[in-house]
Amino acid sequence: MDDIALDAAKKTAARTAVDQWVTEDTKILGIGSGSTVVYAVQRIAERVWKEGELTDLICVPSSYQARHLILDYNLNLGDLDRNPNIDVAIDGADEVDRHMVLIKGGGGCLLQEKVVASCAKHFIVVADYTKNSIRLGEQWCRGVPIEVAPMAYVPIKLHIEALFGGEASLRMAKVKAGPIVTDNGNFLLDWKFIANREYDWDEVNRAITLIPGVLETGLFVNMAHKCYYGMANGSVKVQNK
C-alpha cells in the first residue's frame, strides 16, 4: 500500500474518533502529536469554523508540534496549569498490541504525551492499520523510546540491558550533529527489546521508570480506552480496552 492510501486510512480513523468522542459536552481536549493527529485537528477545526460547533472547546497540546497545530487552525489554546482535568485526549501511536499496550515516542514527545493522556477521562488513540499488532515489536522495529537526563544516559542504558536484555541506544539527530534533544531538554534512548520474548509490559515500565535519571518511557500501559484504526479497505476498526 502506498503513502497516499496510508494517509487516507489515518484520515478516516482520525475523523471517526473526533466525531464520536468530541461532543458539545467536551470542554477540554488533549491534542497529541504525529501525522494522524493532524487529521484530527483538521476535523475539529471544520466543526468549529464551518459547522459552528464546539465554540467553547479548549485544546491542550502535548508537544511543540501540537501547540502549533492548535494555533495554525485558530483553535482555543489551553495548558495544564489552567486546564488540568481533560475530558478527552486524542493521540497517535507507533504500535498497539492485543492488550492495548502502546509504544509511543517515535517523534520524541512521549513525556508530555503521557502527562496529557494521564489527565484525561478518556484517552483515544488514532492510527492506520500498520500500527495494530498482536505483540509489540511485530511491526515497530525501532524499540521503546525512553526520555532520560543527559548526564545519566550511559548508566541507564546499561541498567536496562542488564534487566531486560536487548540493546538501548542514544537517538542521534539526522541533520544537526549529536543526539536529539527533546522539548524538555533531555536525551532519548531507544531500547530494542528481544524479539519474540514475552514481557510483562506493566512490570517493565515500572522497573525502567524507577531507574534514577529516567524521566518517562514510551510504554503506555492501561491508559488507552479505545483505538481507532483506518483500514486498507476504507473502514475503521475499533479496539476496546
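**Entry 1: terms and model**

A helix, as I use the word here, is a DSSP run of H or I with at least four residues, and helices are numbered from the N terminus. I note at the outset that the model is predicted.

**Entry 2: the largest pocket**

I first looked up how much space lies in the largest pocket, and the value is about 450 Å³. I then asked which residues lie closest to its centre. Of the 23 residues that line this pocket, the closest are Ser33, Gly34, Ser35, Asp94 and Gly107. I also looked up where the largest share of the lining comes from. Helix α2, residues 35–50, supplies that share with three residues. Sorted by class, the lining holds 11 polar, seven charged and five nonpolar residues.

**Entry 3: the two domains**

Next I consulted the domain assignment of the protein. It gives domain 1 as 3–133 + 221–232 and domain 2 as 144–215. I recorded that 16 residues of domain 1 and 15 residues of domain 2 take part in the contact. Taken over C-alpha atoms, the centres of domain 1 and domain 2 are separated by 25 Å.

**Entry 4: the second largest pocket**

I turned to the second largest pocket, which holds about 160 Å³ of space. Its lining is made up of 15 residues, and those nearest the centre are Asp97, Arg135, Glu198, Tyr199 and Trp201. By class I found seven nonpolar, six charged and two polar residues in this lining.

**Entry 5: helix α6**

I looked up which residues of helix α6, residues 201–209, are buried. They are Trp201, Val204, Asn205 and Ile208. These residues cover an arc of only 100 degrees around the axis, and therefore they sit on the same side of α6. I then looked up what covers them. The covering elements include the helices α4 (110–118) and α5 (153–164). They also include the strands β8 (144–148), β10 (187–192), β11 (214–217) and β12 (219–220).

**Entry 6: the cavity**

How many cavities of 30 Å³ or more does the structure hold? I found one. The largest cavity has about 30 Å³ of space. Its lining includes Gly30, Ile31, Gly32, Ser62, Ala89 and Ile90. Asp91, Glu113, Val116, Ala117 and Phe123 also belong to the lining. Strand β1 (28–31), strand β4 (86–91) and helix α4 each supply at least two of the lining residues. I counted the classes as six nonpolar, three polar and two charged.

Most residues other than glycine have a negative phi. I therefore recorded the exceptions that I looked up. Asn74 has a positive phi near 55 degrees, and this residue is found in the loop between α3 (64–72) and β3 (76–77). Met100 has a positive phi near 60 degrees, and this residue is found in the loop between β5 (95–96) and β6 (102–103).

Is Asn74 buried or exposed? Its relative accessibility is 53%, and the cut-off for exposed is over 50%, so Asn74 counts as exposed. Is Met100 buried or exposed? Its relative accessibility is 2%, and the cut-off for buried is under 20%, so Met100 counts as buried.

Methods:
Residues are numbered from 1 along each chain as its sequence is written. This is a predicted model: local features need pLDDT of at least 70, side-chain atom pairs count only at pLDDT 80 or more; totals for chains, interfaces and linings use all residues. Side-chain values use heavy atoms; hydrogens and water are left out. On a 1 Å grid over the protein atoms alone, a cavity is a set of points where a 1.4 Å probe fits but cannot get out, and a pocket is an open set with protein on both sides within 12 Å along at least five of seven lines; lining residues have an atom within 4 Å of a point. Grid points are joined across faces, edges and corners, and a volume is the space filled by probe spheres set on the points. Ala, Val, Leu, Ile, Met, Phe, Trp, Tyr, Cys and Pro count as nonpolar, Asp, Glu, Lys and Arg as charged, and the others, Gly among them, as polar. Buried means under 20% relative accessible area, exposed over 50%, partly exposed in between (1.4 Å probe, protein chains only). The arc is that of the directions from the helix axis to the C-beta atoms. Contact means heavy atoms within 4.5 Å. Domain bounds come from an automatic or database domain assignment.
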